[in-house]
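Please have a look at the sequence and the structure on the screen, and then I will walk you through some parts of it.

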Amino acid sequence: MSTDKNVVTITELTRQIKQSLETGFPRVWVEGEISNYKKHTSGHLYFTLKDEGAQLSAVMWRSRVPYLAFPPEDGMKVIARGSITVYPPRGNYQLDIEQMQPAGIGELQLAFERLKKKLAAEGLFDAEHKKPIPEFPECIGIVTSETGAALQDILSVLSRRQPSVNVILAPVKVQGAGSAEEIAEAIKQLNQYGGIDVMIVGRGGGSLEDLWAFNEEIVARAIYASKIPVISAVGHEIDFSISDFTADLRAPTPSAAAEIAVRDRKELLEEISNLYYTMNDAMKNRISGLREHISGLLASYTFNRPRDMVREFSQRVDEMERSIGISLNHIVQTVNRRFDSLKNQLQALNPHGVLKRGYSIVHKGGRIISSERLLHSGDEAEIQFHDGSVGVRVEKGR
Amino acid sequence: MVAKKSEKNSLEHYLQRLQEIAESLEQGEVPLDEAVNLYEEGIKLSKECTEKLKTAELKIKKLSKGIEDQLALNETEEE
């Protein structure tokens, strides 16, 4: 044609195409089937992604290969994330893959089993790495979708059971491109935030594809690295995710995770009131026991011995008094009786009585004369009668 | 007092202490004056625990990434 046309070199054109493509498609997610898969001795992976209508060259650099959850092979359906780059020496464009995951159910299952095996071999699921879930958390971290039903379920259980807890929500995408990275990042952030006692990581139920983020290695490693105990709550009760295996505790559903995370306030209040009554009863029993003990002591034989002794003594004193009284009386009566008889005797002996009966006593020189021989004629004597005496002169005759 | 298992988690700490007190009072082996002290402590603890449980409504904070990739907190009211 003509030379006045604006001619550029291949290199220049390619440079422009490169710039245009690379700025136009900095990050894309594509789904396709792997073909012409080659693992180069350098470690880089080269293959083609295709569907019914088109095909795309793809490369995955060695540095990213370790993060693959599965071994790629021809015919496998995958979802890949990367950027479009142009390789000028060959004049072609390709997808520079950063991350790739299986797309079909069969592939997902395969990838799941493979990752599970790998992480299990590394010890990520080992029981000795499981951190205990605190019984009384004051602050709970939640990693889930801000708009999902799972969050509402968790919050409603928390506010019903234990509204005194604080909740720190780290909102994330829970499915689709980039969700695994967000989840892993949120787990790290909650760890940095500090003061969180336990975290719930999860989402509601869905298909295996929907739940896939929780089967990604990056999430598993973030959970494993978390210093905060993690309760995983992914999807349905029956399905286990890699997150479930890695977490410190697996809850069947988000609601169940919330139930596990906090103790029920009503139960706790009841427990406290039971403890309160236990203490009260214990004290009451103790005091009434002591009371009984004291009254028992007061009633005991030993304690009452002194009183008994006093009573016995006073009884004895009474008895003695009585018996002393009896014998004194007796003595007095005996004495009285003797006195009376003596008095009678004396009375009988009283000479005056005899004199009254007509007898008289003869005295001479102050002596009682009891014989006629003591009297001589001319003696002066005295005759005593009961009512007086007369002087007489003795005349012995006859 | 018992060993501090978790200093900040006072509810757990209180409850544990309360249980200990109730048990030792139930066993009735402590001397009476000590038992009276324990009882007083227990009554106080049970009141404090109850208060602690009864106060506060669910507080929710949202962690979000700022432009500088720094942690920012948005308070949101719930319920």
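Predicted model: local features only at pLDDT ≥ 70, side-chain atom pairs only at ≥ 80, totals over all residues.

I would like to begin with helix H2 of chain A, whose buried residues pack against strand S4 (77–87), strand S5 (92–102), helix H5 (217–225) and helix H6 (242–246) of that chain. Residues are numbered from 1 along each chain as its sequence is written, and chains are lettered from A and ligands numbered from 1 in the order in which they are written.

A few terms will come up again and again. Helices (H or I, at least four residues) and strands (E, at least two) are DSSP runs, numbered from the N terminus. A residue is called buried if 20 or more other C-beta atoms lie within 10 Å of its own, exposed if 12 or fewer do, and partly exposed in between, with the C-beta atoms placed from the backbone. Two residues are in contact if their C-beta atoms, placed in that way, lie within 7 Å.

Back to H2(A), then, which covers residues 105–122. Its 18 residues reach 25 Å from the first C-alpha to the last, close to the 26 Å expected at 1.5 Å a residue, where the expected span is 1.5 Å times one less than the number of residues. Which residues of H2(A) are buried? They are A:Glu107, A:Leu108, A:Ala111, A:Leu115 and A:Lys116. Seen down the helix axis, the buried residues of H2(A) fall within an arc of 165°, so they line one face of the helix; the arc is that of the directions from the helix axis to the C-beta atoms. On the other side of H2(A), the exposed residues are A:Gly106, A:Gln109, A:Glu113, A:Lys117 and A:Ala121. After H2(A) comes A:Gly123, with a positive phi near 90°.

Two of the packing partners, S4(A) and S5(A), also belong together, since they run antiparallel and are joined by 10 bridges; strands are said to pair if DSSP finds at least two bridges between them. In that pairing, A:Val78 stands opposite A:Pro102 of S5(A). The two strands form a hairpin with 4 residues between them, and A:Gly91 in the turn has a positive phi of about 65°. S5(A) also pairs with strand S3 (residues 55–60) of chain A, here in the parallel sense, over 3 bridges, and A:Ala58 stands opposite A:Leu95.

Let me turn to another sheet of chain A, which is open and has 4 strands in the order S12-S11-S13-S14, with antiparallel pairing. Strands S12 (367–368) and S14 (388–393) stand at its edges with a single partner strand each, so one side of each is left without a neighbour in the sheet. S13(A), residues 380–385, pairs with S14(A) over 6 bridges, and A:Glu380 has A:Arg393 as its bridge partner. S13(A) and S14(A) form a hairpin with 2 residues between them, while S11(A), residues 361–364, is joined to S13(A) by 3 bridges.

Next, please find helix H9 of chain A, residues 301–349. At 1.5 Å a residue its 49 residues should span 72 Å, and the end C-alpha atoms are 69 Å apart, which agrees. H9(A) is hardly covered, for the count of buried residues among its 49 residues is 0.

Finally, how do the two chains meet? The contact takes 31 residues from chain A and 30 residues from chain B. On the side of chain A that touches chain B, helix H3 (149–161), strand S7 (166–171), helix H4 (179–193) and helix H8 (265–299) are the elements that give two or more residues, and H8(A) gives the most, with 11 residues. One residue to look for in H8(A) is A:Arg286, which touches B:Gly28 and B:Ala35, not counting residues up to four places away in sequence. With 18 C-beta neighbours inside 10 Å, A:Arg286 counts as partly exposed.
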